Amino acid sequence: EIENMVSKICEYSTGLIDQYVVKLKDRIKEMLQTDIVDEARISQEVVLYADKTSIEEEITRLKSHIVQFKELLQSESIKKAGKRLDFIIQEMNREVNTIGSKSNCLEITNLVIELKTELEGIDIRFNEPLSQYTYTKVGGAADFLVFPRNRYELARIVNFANQEDIPWMVLGNASNIIVRDGGIRGFVIMF
């Protein structure tokens, strides 16, 4: 879902500079009430605008973070990956915030709001001891303990795990299970 939203942002950002040039020329003509426009001055304004509003670097970094996130989810050293995954989510949030602050496009702004909701709503804990969630208070950790907010999120987590070939299991309140000391690989979804 996040990747789809980033792709849509890329689509919407294409051509924004050209639209700005047209709007700027129209505004100048309207204000000066003439069809004569100083093209050199327009070019300077466009360069300044493009520099101020370009989101290409942020999109490139955001895509890179998504790739890194997926790679870390697949890595064998999950215990070491937890802090890096937290950091990557923070970096993704920063890039999305920057895109939002630079954008003058309503569609991009709406997608930024959706992305922020997605990223901030991720309640995922890494290498989380499952003993605290069981009646017996014994057992190892889950590579990823995920708390979806609703059935829609549950379905998306399961779909993501299946697409990325990550093992998963769903637990209710998990109070009557015993988790082996070695823990559980993949996603444990508390729902």
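Helices (H or I, at least four residues) and strands (E, at least two) are DSSP runs, numbered from the N terminus. The model is a predicted one, and the points that follow should be read with that in mind.

1. An α-helix has 3.6 residues a turn, so residues three or four places apart point the same way. Just after helix 1, Gly15 adopts a positive phi of about 90°.

2. Helix 4 can be checked in the same manner: at 1.5 Å a residue, its 19 residues should span 27 Å, and its end C-alpha atoms are 28 Å apart, which agrees. The buried residues in helix 4 are Glu58, Ile59, Leu62, His65, Ile66, Phe69, Leu72 and Leu73, and because they fall within an arc of 150° when seen down the axis, they line one face of the helix. On the face of helix 4 turned away from this buried side are the exposed residues Glu56, Glu57, Thr60 and Glu71.

3. The sheet is open and is formed by four strands in the order 1-2-4-3, with mixed pairing. Strand 1 (124-129) and strand 3 (168-171) are at the edges, and as each has a single partner strand, one side of each is left without a neighbour in the sheet. From one strand to the next, the twist averages 30°.

4. Strand 1 and strand 2 (residues 141-146) are antiparallel and pair over five bridges, with Glu128 standing opposite Ala142 in strand 2. Strand 2 and strand 4 run parallel and are joined by four bridges, and here Leu145 stands opposite Val188 in strand 4. Strand 3 and strand 4 also run parallel, joined by four bridges, with Leu171 opposite Met190 in strand 4.

5. How enclosed is strand 4 by the rest of the structure? Six of its seven residues are buried, so strand 4 is largely enclosed. Helix 7 (residues 151-163) lies across strand 2, strand 3 and strand 4 (184-190), and runs at about 165° to strand 4.

6. Met169 lies in strand 3 and is partly exposed, with a relative accessible area of 30%. The C-alpha atoms of Met169 and Ile189 are 6.1 Å apart, although 20 residues separate the two along the chain. Apart from its neighbours within four places in sequence, Met169 is in contact with Ile184, Phe187, Val188 and Ile189.

7. In soluble globular proteins, nonpolar side chains tend to be buried together. The largest nonpolar core here has 36 residues, of which Ile9, Leu85, Ile99, Phe144 and Phe187 touch the most other members. Two or more residues each come from helix 1, helix 4 (56-74), helix 5 (78-102), helix 6 (106-120), strand 1, strand 2, helix 7 and strand 4, and helix 5 gives the largest share, seven residues. A second, separate core has nine residues, among them Leu130, Tyr133, Ala142 and Val188.

How values were computed
Residues are numbered from 1 along each chain as its sequence is written. This is a predicted model: local features need pLDDT of at least 70, side-chain atom pairs count only at pLDDT 80 or more; totals for chains, interfaces and linings use all residues. Side-chain values use heavy atoms; hydrogens and water are left out. Two strands pair if DSSP finds at least two bridges between them. Axes are lines fitted to C-alpha atoms, for helices over the stretch in contact, and angles run from 0 to 180 degrees between N-to-C directions. Contact means heavy atoms within 4.5 Å. Buried means under 20% relative accessible area, exposed over 50%, partly exposed in between (1.4 Å probe, protein chains only). A nonpolar core is a set of buried Ala, Val, Leu, Ile, Met, Phe, Trp, Tyr and Cys residues joined through side-chain atoms within 4.5 Å. The expected span of a helix is 1.5 Å times one less than its number of residues. The arc is that of the directions from the helix axis to the C-beta atoms.
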